[in-house]
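Subject: Structure handover

Hello,

Please find the structure below. My notes on it follow.

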Amino acid sequence: GQVPYFSAPNIQFFSVNENLFEGSISPLWFQKTSLSVFNVSINHLSGSLPDNSFPIRDSPMNYLGLAFNNFTGKFPSSLSNLNNLGGLFIRNNHFTGAFPEFNSTDLVGLDISYNKFTSLPSFNGSTNINMIYASNNLFNGSCPPIFTKMETLSVIDLSNNSFSGLIPGKLFNSR
């Protein structure tokens with residue numbers, strides 16, 4: 001069946017990962033002003049997420065898990081409203097196009113691997129990021145220099161893309 005929607009206005013944590021849910025997600029979930037964790041990873045969910053999926057500016061959403069499903073289409077540009085996001089895990093879907101710009105100073109972990117993204121965000125303002133998994137997408141060109149400015153970055157996986165040119169030596173400097 002589908003992921004149930006609960007109308008409880010003060011729900012903060014919702015996780016139904018590793019189940020057999022299918023179909024789409026109600027857009028009403030992302031209109032909750034108290035929701036900080038939303039995890040529906042490892043199900044059989046599908047469909048696209050509308051561009052205005054995350055309408056609440058300064059949303060308290062800290063963790064968004066949509067990994068290992070069958071979502072398609074572009075990832076919503078309204079992601080920029082989730083400026084308190086600490087973890088975004090959307091690996092193993094079928095998202096396409098450019099990954100949207102967003103600026104979360106709280107972002108610690110990002111996993112967008114195994115999709116069909118064509119470009120990375122600029123990561124401006126994401127100074128606390130610790131890990132970036134972006135393998136198996138459609139990225140090309142030179143390695144983005146922004147990674148050399150991420151002082152807390154300890155894991156970066158850009159494998160199985162089409163990057164070319166030199167890897168910035170500053171990535172290997174001890175800090």
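Start with the cavity. The structure holds one cavity of 30 Å³ or more. A cavity here is a set of points, on a 1 Å grid over the protein atoms alone, where a 1.4 Å probe fits but cannot get out. Grid points are joined across faces, edges and corners, and a volume is the space filled by probe spheres set on the points. The largest cavity has a volume of about 30 Å³.

Its lining is made up of Trp29, Phe30, Lys32, Leu35, Phe54, Ser59, Met61 and Leu82. Lining residues have an atom within 4 Å of a point. By class, six of the lining residues are nonpolar, one is polar and one is charged. Ala, Val, Leu, Ile, Met, Phe, Trp, Tyr, Cys and Pro count as nonpolar; Asp, Glu, Lys and Arg count as charged; the others, Gly among them, count as polar.

A word on the basis. This is a predicted model, in which local features need pLDDT of at least 70, side-chain atom pairs count only at pLDDT 80 or more, and totals for chains, interfaces and linings use all residues. Residues are numbered from 1 along each chain as its sequence is written, and side-chain values use heavy atoms, with hydrogens and water left out.

Aromatic pairs

The structure holds 18 aromatic pairs. Rings of Phe, Tyr and Trp (its six-membered ring) pair if their centres lie within 6.5 Å; planes under 30 degrees apart count as stacked, over 60 as edge-to-face and the rest as tilted.

One of them joins tryptophan 29 and phenylalanine 38. The ring centres are 5.5 Å apart and the planes meet at 50 degrees, so this pair is tilted. Tryptophan 29 is buried, at a relative accessible area of 0%. Phenylalanine 38 is buried too, also with a relative accessible area of 0%. Buried means under 20% relative accessible area, exposed over 50%, and partly exposed in between (1.4 Å probe, protein chains only).

Phenylalanine 75 and phenylalanine 99 make another pair. Their ring centres lie 5.9 Å apart with planes at 15 degrees, so the pair is stacked. Phenylalanine 75 sits in the loop between strand E6 (70–74) and strand E7 (87–89), and phenylalanine 99 in the loop between strand E8 (94–98) and strand E9 (109–111), so the pair ties together parts 24 residues apart in sequence. Strands (E, at least two residues) are DSSP runs, numbered from the N terminus. Both phenylalanine 75 and phenylalanine 99 are buried.

Serine 78 is in the loop between E6 and E7. It is buried, with a relative accessible area of 10%. A polar atom of its side chain lies 3.0 Å from the backbone nitrogen of phenylalanine 54. Not counting residues up to four places away in sequence, serine 78 touches Asp51, Asn52, Ser53 and Phe54. Contact means heavy atoms within 4.5 Å.

Serine 135 belongs to the loop between strand E11 (131–133) and strand E12 (140–141). Serine 135 is buried, at 4% relative accessible area. Leaving aside neighbours within four places in sequence, its contacts are Ser113, Tyr114, Asp157, Leu158, Ser159 and Asn161.

Asparagine 39 lies in strand E3 (residues 37–39). It counts as buried, at 10% relative accessibility. Its side chain makes a polar contact of 2.9 Å with that of serine 41. A polar contact is a pair of N or O atoms within 3.5 Å; within protein, one must be able to donate a hydrogen and the other to accept it, and residues adjacent in sequence count only if both atoms are side-chain atoms.

Positive phi

Most residues other than glycine have a negative phi. Glutamate 18 has a positive phi of about 55 degrees although it is not a glycine. Glutamate 18 lies in the loop between strand E1 (13–15) and strand E2 (22–23). It is exposed, with a relative accessible area of 57%.

Tyrosine 114 also has a positive phi, near 55 degrees. Its place is the loop between E9 and strand E10 (116–119). Tyrosine 114 counts as partly exposed, at 38% relative accessibility.

Lysine 116 lies in strand E10. It is partly exposed, with a relative accessible area of 41%. The C-alpha atoms of lysine 116 and phenylalanine 95 are separated by 5.6 Å, though the two are 21 residues apart along the chain.

Best wishes

Definitions and conventions
Helices (H or I, at least four residues) and strands (E, at least two) are DSSP runs, numbered from the N terminus. On a 1 Å grid over the protein atoms alone, a cavity is a set of points where a 1.4 Å probe fits but cannot get out, and a pocket is an open set with protein on both sides within 12 Å along at least five of seven lines; lining residues have an atom within 4 Å of a point.
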